[in-house]
Amino acid sequence: MNTVQEKIEALTRPNIRSLKPYSSARDEAPEGILAQRIMLDANENSYGGPLEEDFSRYPDPQQRVLKQALAKLKNVQENQIFIGNGSDEAIDLLFRAFVQPGQDNVILLPPTYGMYAVQGNIHDAEIRQAPLRPDFLPDPEAIWRQTDQHSKLLFICSPNNPTGQRMPDELVLELLHKFPGLVVLDEAYLEFSAHASWAARISEFSNLVVLQTLSKAWGLAGLRVGMALSNPFVINTLNKIKYPYNLNAKTIQLGLKALERPDKMHAKAAQIVAERQRLALALVELEAVETVFPSDANFLLVRVKDADGLYQFMAQKGIVVRNRSREIHCENCLRITIGTAAENDQVLAVIQEFTNETTIILP
Ligand SMILES: *Cc1c(COP(=O)(O)O)cnc(C)c1O
């Protein structure tokens, strides 16, 4: 097993390796052809739809214009990008392509993003857990204890959801060198941290898959654009099994427009980071709060004295946060997304109010 292609083929499920993908109507059509030819190949409606804007044509299944823009922005080649209906689609497809149900296993480092385990269960993968230590740093020995030749995916979320901290570079390197399957590095919160993306090293490590999204720092969660960045063999495999038109025309159009303004994204991410700092400093001063964990993301994990009580109280006051207190090492922890300055002021006021109303003043 020498070439990247051979390595990736060996990791791919046999049925996917031999799959002949659906060839959609527009797969072979060069760019711009829709405007130039009479297109009567796909049973579209030449009379148009009821809306003013024309959506009568199927979108480009390869999302070429969006891929060009992303390639430039991420400094990778177009054939190193898979674009999905959110990065959740990429997670789903990684299971479909590489994890043989009832046979293969995946390694998770809880507490982490819940979707990995949900997808693992959907695809009947054995989920093996190598929990983070109580300080939320990974435990390499636990990871290696769980790993065997059927370990196909290892999910590292960095910065991690819900704990907020980045995973150490040395550990990621060790995993990239020694893990037998694909190392999936989820960088959904990358833009809120001061660190470079691992995407710069996808040519160096054939088993590295980086996930990114427009849902967080780009502020486009409603559009549904996520991506996987990896070598062309992994990317081809994902493209082969995706729904032909997994991104709709409006999403492609607006995603492209948004990508013209990375300056706006960076300015807003910087504002969120500044508010994260302000909120963290104010939260630790509150009676109800025990610990505010350091965060490289757009949320804070906060250990409080009574998470269930505070969660209910905040909900009654119209503030919805995430109660993570049932997750391993997250006893009494709430995850609070950084809001606007006014929203964060409300959060602080309501937590103070909770203390005032629940503190029994002894005579
Ligand atoms: C929010 C989030 C995502 C984004 O998912 P999309 O499907 O792209 O919206 C991915 N991974 C993690 C860890 C997240 O928290």
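The exercises below concern a predicted model.

**Exercise 1. Classify the ring pair of Tyr189 and Phe299, and state where each residue lies**.

Solution. A pair of aromatic rings is described by the distance of the centres and the angle of the planes. The structure holds seven aromatic pairs. In the pair of Tyr189 and Phe299, the ring centres are 5.1 Å apart and the planes meet at 85°. Planes over 60 degrees apart count as edge-to-face, so the pair of Tyr189 and Phe299 is edge-to-face. Next comes the location: Tyr189 belongs to the loop between β5 (182-186) and β6 (208-213), whereas Phe299 is in strand β9 (residues 299-304). The pair thus links distant parts of the chain, 110 residues apart. Both Tyr189 and Phe299 are buried. Phe299 has a further neighbour, Arg335, which lies over the face of the ring at 5.7 Å from its centre.

**Exercise 2. Determine how the rings of Phe313 and Phe354 are arranged and which parts of the chain they join**.

Solution. The centre-to-centre distance of Phe313 and Phe354 is 5.3 Å, and the angle between the planes is 55°. Planes under 30 degrees apart count as stacked and those over 60 as edge-to-face, with the rest tilted; the pair of Phe313 and Phe354 is tilted. Phe313 sits in helix α12 (residues 307-316) and Phe354 in helix α13 (residues 341-358), so the contact ties together parts that are 41 residues apart in sequence. Buried means under 20% relative accessible area. Phe313 has a value of 10% and is therefore buried; Phe354, with a value of 10%, is buried as well.

**Exercise 3. Which residues do ring pairs link into a cluster**?

Solution. The cluster consists of Phe95, Tyr113, Tyr116 and Phe155, linked by ring pairs.

**Exercise 4. Describe the salt bridge of Asp104 with Lys152, and decide whether each partner is buried or exposed**.

Solution. Side chains of opposite charge can pair when their charged atoms come close. The count for the structure is 18 salt bridges. In the bridge of Asp104 with Lys152, the closest N and O atoms are 2.9 Å apart. Asp104 is located in the loop between α5 (87-98) and β2 (105-108), and Lys152 in strand β4 (residues 151-157), so this bridge ties together parts that are 48 residues apart in sequence. The relative accessibility of Asp104 is 1%, so Asp104 counts as buried. Lys152, with a relative accessible area of 12%, is also buried.

**Exercise 5. Which residues are linked with Arg128 in a network of salt bridges, and where does Arg128 lie**?

Solution. The network links Glu126, Arg128 and Asp148. Within it, the closest N and O atoms of Arg128 and Asp148 are 3.0 Å apart. Arg128 is part of strand β3 (residues 126-129), while Asp148 is in the loop between α7 (140-146) and β4, so the two partners tie together parts that are 20 residues apart in sequence. Arg128 has 16% relative accessibility and therefore counts as buried, whereas Asp148, at 23%, is partly exposed.

**Exercise 6. What is the volume of the largest cavity, and which residues line it**?

Solution. A search of the whole structure finds one cavity of 30 Å³ or more. The volume of the largest cavity is about 40 Å³. Its lining consists of Ser158, Arg166, Glu187, Leu190, Ser193, His195, Ala196 and Trp198. By type, these residues divide into three nonpolar, three polar and two charged.

Definitions and conventions:
Residues are numbered from 1 along each chain as its sequence is written. This is a predicted model: local features need pLDDT of at least 70, side-chain atom pairs count only at pLDDT 80 or more; totals for chains, interfaces and linings use all residues. Side-chain values use heavy atoms; hydrogens and water are left out. Rings of Phe, Tyr and Trp (its six-membered ring) pair if their centres lie within 6.5 Å; planes under 30 degrees apart count as stacked, over 60 as edge-to-face and the rest as tilted. Helices (H or I, at least four residues) and strands (E, at least two) are DSSP runs, numbered from the N terminus. Buried means under 20% relative accessible area, exposed over 50%, partly exposed in between (1.4 Å probe, protein chains only). A charge sits over a ring if NZ of Lys or CZ of Arg is within 6 Å of the ring centre and within 35 degrees of the ring normal. On a 1 Å grid over the protein atoms alone, a cavity is a set of points where a 1.4 Å probe fits but cannot get out, and a pocket is an open set with protein on both sides within 12 Å along at least five of seven lines; lining residues have an atom within 4 Å of a point. Grid points are joined across faces, edges and corners, and a volume is the space filled by probe spheres set on the points. Ala, Val, Leu, Ile, Met, Phe, Trp, Tyr, Cys and Pro count as nonpolar, Asp, Glu, Lys and Arg as charged, and the others, Gly among them, as polar. A salt bridge is a side-chain nitrogen of Lys or Arg within 4 Å of a carboxyl oxygen of Asp or Glu.
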